[in-house]
Structures are given as structure tokens and as C-alpha cells.
Amino acid sequence: MLCRQQNIHSYPSLIIYPQKEKYHGSRELDAMVQHVLQMLPNNVIKLRSTDFIEVISREELTSLPWLVFACKSHKNCIHKDDMKKLAIILEHLVNIGEVDIENEKQICDIIDCKSSVTYYFNLSLALPKTEQRSVSIDDVETVEIVKKVLQLLPEPEDVTEEKFEEIRSSTKSLTSSPWLIQFTKNKTSPFDEDVDLKRLKALLPEVMLGLFDCLHHMSTCSSMYVQKFPTFILFKPGGMYEFHHGRITAYDIARFSREALSSQVHTLTPEHFPQILESSEAWFIDFFAPWCPPCMQFLPEWRKASHSSGHLVKFGTVDCSIHGTLCRKYNINSYPTAILYNHSVPHKFIGSHSHHQIEEFVEDILHPLVIILNPELFEKLIKDKKDDEIWVVDFYAPWCGPCQQLAPQWRKLAKMLVRSPSVRIAEIDCQTYYSLCNTNGVNSYPTIRLYPRGKMGPNRFYSFNGWSRDASSLQAWIYNFLPSKVQSLTSSLFKEVLADSEPWVIDFYAPWCSHCQTFAPEFEKIAEVLKGEVKVGKINCEEFPNICRQATVRAYPTVVFYQGAQRGKTQNPIAEEIHTLTFNGVISFLEEKLTINIQRVKHDEL
């Protein structure tokens with residue numbers, strides 16, 4: 001689907017983003033690099049004596065050191081393409097300048113061009129030439145020049161205990177600058193050992209960088225629960241902070257920092273418990289371990305969900321590799337385990353580890369559509385239910401694995417049936433209300449029962465015995481107990497359809513087809529909103545194969561639109577197929593074909 005959306009029909013296809021330009025050239029590495037370079041801006045600054053002072057005095061350039069190329073001949077000079085690459089690689093770290101010595105000798109008289117490549121710590125005319133610090137770089141290989149420049153870049157700021165307390169205090173404000181602090185226990189700076197980390201300044205221009213020495217300030221590091229070195233912690237505006245648990249590379253740390261800055265995740269410690277669980281605010285807590293791969297895959301999704309749903313609940317994380325006693329106290333036995341505490345009541349998250357599922361879970365718990373039953377409500381709502389109501393009840397136990405797997409599907413089912421006012425979706429906790437479940441003959445979990453229309457009491461029910469307990473299968477089963485709004489067509493009735501001047505939508509199906517069974521409830525919803533506008537019917541192709549052959553139906557379900565007979569002329573049984581099998585897709589098709597506006601409640605594609 002993604003490939004079709006991007007208009008890709010052959011493989012391999014090379015696309016350059018964000019331009020979305022398809023590359024048609026040679027697949028040789030040099031050719032591809034050359035093509036990409038042509039598309040990138042050239043950030044090399046040509047230094048000329050006519051505007052030299054004006055250029056180096058620009059505000060956006062004065063804060064960075066300079067790497068200047070002053071070549072006497074092409075033999076000793078770096079290639080123009082390599083110079084452009086360096087300007088891209090070192091963007092926001094140094095200014096890249098080029099001097100044509102043959103025509104701009106005056107510039108070298110000012111800045112003292114020592115070699116073909118020179119690194120200037122501060123290219124300023126305010127300093128005498130003798131005080132301008134610079135280093136000659138003899139290499140002309142791009143990789144070596146980058147390595148040398150990174151070594152010459154300044155270290156992050158040393159953070160003292162006093163400065164650290166000041167940072168913690170200032171980042172409580174939402175308008176403060178974030179700080180990324182590396183906690184180390186070595187006398188040698190880690191930035192000396194891995195110069196690649198100096199790229200962080202360019203990758204995170206909005207973040208202040210600091211270095212904290214735990215060798216001399218162990219008590220502060222202990223209070224932050226820093227137990228391995230190096231450790232990177234991002235202190236965010238608003239008083240929150242997060243640990244980096246991935247690889248110690250500039251790009252991994254930068255990606256973590258950007259994710260964390262856009263999130264509302266709190267790092268929690270034993271000092272926060274049990275107060276936060278007893279507060280009036282809802283807390284969604286991820287109990288994890290850094291050595292657990294699923295946990296590391298879950299964390300970025302957790303951060304995304306906090307960005308979207310942070311106004312509804314507070315998101316937190318607990319590192320169980322450090323706070324094992326706390327995790328055991330709350331019965332955390334596997335990782336990751338995410339629990340939403342709503343007014344101290346725990347709701348364990350079960351579902352795929354995607355931010356969409358997390359956000360949906362929050363909505364379901366805070367605004368539940370599933371009715372929670374107790375003995376009193378069971379007596380009132382099930383035993384004495386209204387004649388026109390259907391109740392579908394999940395009898396479950398919290399410790400039951402299949403029950404936990406059913407839970408998100410059960411909540412989804414309640415959403416799917418929200419427009420069926422006569423159907424009620426409910427659940428009973430058989431661990432809490434064991435006597436009620438036992439009295440009603442429920443001895444295994446989950447047990448799903450449907451109490452049909454009419455005043456028949458709790459002893460008249462239908463049990464769901466299907467293999468798949470997904471929301472679509474459950475909905476299809478429930479619709480068997482509802483009166484159909486779709487007319488079943490026979491051979492004679494189909495002839496009437498072809499002669500009818502009014503439009504029809506027909507579902508050609510087979511009883512054994514699982515897709516047909518899943519689509520049937522959707523088609524019922526379509527029939528509900530089309531009432532009075534378009535007639536809706538269905539044909540069983542097992543029972544009436546000749547009709548389906550006439551309509552050239554070869555797959556099930558197939559939905560066909562009949563516009564209506566014109567001037568009394570019978571329609572051809574081969575009509576226009578509607579290729580979408582979604583509620584909104586079918587309705588939109590009909591609105592376009594019939595130029596009508598069908599009044600409908602917004603329908604969620606679940």
C-alpha cells in the first residue's frame with residue numbers, strides 16, 4: 001500500500017525526499033553521490049577582500065570557528081565536491097570558507113594563511129594577528145579533516161554541583177532551555193575518547209550540553225540513580241527528565257533527545273510512590289528494563305502517545321533494573337508492563353506496542369463504553385432487562401491470559417456497536433464476584449454470553465463458541481440476533497430489481513465466506529443510513545448461483561450498484577462494482593453517483 005501511495009511500480013526505485021524526485025541515473029556509487037550533491041545547497045563561503053569584514057562579522061557566523069581552504073594550486077587543494085561535503089557534514093559546527101590565493105592575497109595577509117587548510121578558533125579582526133589561534137591541517141582526505149575538526153571543537157560545559165542545582169531549578173520553567181548532561185566517572189573527557197559526540201552541538205542546536213563528574217560528586221549521581229557510565233540525561237522544560245538507554249553515538253543520542261523533548265514522560269523513582277497513585281490525577285506508568293529489546297521498541301511509542309494524550313493522563317516510566325524492589329511491590333513480573341492507574345484502580349495495558357493503541361486504551365479507560373456489572377446491576381439490567389434490548393456479557397478473570405487478550409477487542413466491539421442502541425456490551429469480574437459467576441454456571445474464562453430480546457431472564461442465553469475472539473467476528477455473531485434491514489433477494493426479486501427505476505446496492509455473498517460474515521454488519525449499518533434514499537439487498541450465491549454468474553460475480557463479498565432502469569428498459573445484470581468494502585467508502589461512492597447528501601452520523605473505521 002505504501003509503495004502504491006508513493007507511485008512506485010518497479011523495483012528497485014530510488015526516491016529522493018523531500019523533493020519526491022525519482023532517480024533514473026546510474027546505480028554506481030559515485031554517480032548517485034554526485035546527483036545528490038547537485039541537489040544540496042553549497043554552504044561554502046567564498047571569502048573576498050571586497051566584503052571580507054562584512055562576511056566574518058555576520059551575527060550568524062561569529063559564534064562558530066572557521067575552516068578555511070586557501071589553495072595555491074589544484075594539486076594541493078581539496079576537490080570542490082569534497083569541500084561541499086565538508087560544509088554539509090560540519091554544518092552548525094564550523095563555518096567553511098574558501099580563499100582564492102591568486103586573486104585574494106590581501107585576505108591571507110589579514111588572517112595569515114598557514115597552509116591550504118587552516119582551522120581558526122575565532123576569526124575576528126578585533127584580535128591582532130599574533131593572538132589569533134589557529135591550527136594547520138595537513139590532510140586533504142575528507143574523513144581525516146572531519147576527524148581533526150571534531151577534535152579541535154570545544155568541550156561541553158563542565159557542570160559543578162552548584163550549576164547542576166541551578167539547572168534543575170531553572171528547567172522547572174516551561175520557557176527554560178533544555179539541558180543534555182553526560183554523567184561520567186573518568187578523568188578523561190568522553191568527548192576526547194569519542195570525538196563523534198561533538199556532533200551533538202550541531203544536531204541539537206536548541207539544547208545546552210554539559211558534563212558532570214561523578215568521581216568527585218558521587219552523592220549527586222547517587223541521588224539521580226546514575227549507576228553506569230557514561231549516562232546521558234535530558235532535563236526538559238517543565239521539570240521532567242529522561243535517561244538515554246540506547247547506543248552512545250551522536251545520532252542515537254540526538255534522536256532520543258528530540259523524541260524526549262516532544263514528549264511529556266516523567267522518570268519516576270521510589271520517592272514518587274505511593275503518592276502519585278493516591279492523587280486525583282490518572283497516571284499511566286511503563287515499568288521496563290533497559291536490557292529488554294521490546295522495552296526499547298516500546299519507549300519511542302510511549303513518548304509519542306504522551307505527546308497526544310498527555311492532557312488526559314500523566315505518563316511515567318520506572319526502570320525496574322534499578323528499582324527492582326518497587327517493581328516487585330507492584331507485582332511487575334515481565335517487561336514492558338504498562339499500567340494505567342485511574343483513581344488508584346489499576347488497568348493493565350494489553351495490545352500492540354504502537355502509540356495509536358496506547359492512545360486508544362487511554363480513551364477507553366477514561367471514557368468507557370463497556371458497562372461494568374456487579375451483582376446488583378446484573379439483577380437489574382440482565383434479569384429485568386427491557387424487551388427490545390440485547391446484552392452481551394464477558395465473564396472474565398483478571399489473571400486469565402485469554403481474558404487479557406480479549407480485553408482490547410471487547411472495548412473495540414463496544415465502539416463498533418455504539419450506533420446500535422439496542423445492543424449493550426458489558427463485563428463481569430469473576431474474581432471479585434465469584435459467587436455471581438458460579439451461580440450462573442460460569443466456570444471457565446472468558447465466557448461470552450448473549451442475552452437476546454424479550455423478557456426471558458438470565459437463564460436464556462447464547463454462548464459464543466467461535467474460534468476467533470476478535471471484535472469483527474464478535475460483531476458478526478451479534479448481528480445474527482438483530483433484525484436485518486437488508487432485503488434477501490431471490491431470482492424473481494432480482495428481476496424486479498433490474499426493472500426498478502430506483503437505485504439499488506446489492507451484496508453478493510456466500511455463507512461459508514469469512515470476509516462476507518465480517519462485512520455483513522457493516523452492510524447493515526450502510527442499509528440503516530440509506531433508508532429512503534437507496535434500496536439495499538443481498539444475494540446468497542450458494543443458493544442462487546445463476547444470478548451471480550449473470551452478474552459476473554467471481555469473488556465474495558462483491559458489492560454492486562444498480563443505477564435504476566431508464567425509460568422502462570430493464571437493466572443489465574452486469575453493473576458497476578463498488579471496490580471499497582468500508583462504510584464511509586460505500587456511502588461516499590453513492591453520494592458522488594447520485595449527487596445526494598446522505599445524512600449520517602460520523603462513522604469510525606475501526
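Predicted model: local features only at pLDDT ≥ 70, side-chain atom pairs only at ≥ 80, totals over all residues.

Start with helix α22. The helix runs over residues 514-530, so find those by the definition of helices used here. That is 17 residues. From first C-alpha to last, α22 reaches 25 Å, close to the 24 Å expected at 1.5 Å a residue.

Now look along its axis. Where does α22 bend? The bend is at Ala520, and it is about 35°. A proline, Pro521, follows within four residues. Just past the end of the helix, Gly532 has a positive phi of about 90°.

Next, the buried side of α22. Among its buried residues are Cys516, Phe519, Phe523, Ile526, Val529 and Leu530. Pro521 is buried too.

Let's step over to α20. This helix is mostly covered, with seven of its nine residues buried. Trp477 and Tyr479 are among the buried ones, and so are Leu474 and Gln475. The buried residues of α20 pack back against α22, and against α18 as well. Their strand partners are β19, β20, β21 (447-451) and β22 (462-463).

On to the largest pocket. How much space lies in it? About 1,100 Å³. The lining has 38 residues, and the closest to the centre are Pro346, His347, Lys348, Tyr396 and Pro398. Elements giving two or more residues to the lining include β17 (345-348), α16 (355-366) and β19 (390-396). Which element gives the largest share? That is α18, with seven residues. By type, the lining divides into 23 nonpolar, eight polar and seven charged residues.

Last stop, Tyr17. Find Tyr17 in the loop between β1 (15-16) and β2 (21-22). Is Tyr17 buried, exposed or partly exposed? Its relative accessibility is 46%, so Tyr17 counts as partly exposed. Now pick Glu157, which is 140 residues from Tyr17 along the chain. Their C-alpha atoms are separated by 36 Å.

That's my tour. Over to you for questions.

Terms used: Residues numbered from 1 in each chain as written. Heavy atoms only, no water. Expected span 1.5 Å × (residues − 1). Bend = angle between axes of the 7 residues up to and from the residue. Buried < 20%, exposed > 50% of the residue type's maximum accessible area, 1.4 Å probe, protein only. 1 Å grid on protein atoms, 1.4 Å probe; cavity = no way out; pocket = protein on both sides within 12 Å on 5 of 7 lines; lining within 4 Å. Points joined across faces, edges and corners; volume = space filled by probe spheres on them. Nonpolar A, V, L, I, M, F, W, Y, C, P; charged D, E, K, R; others polar. Contact = heavy atoms within 4.5 Å.
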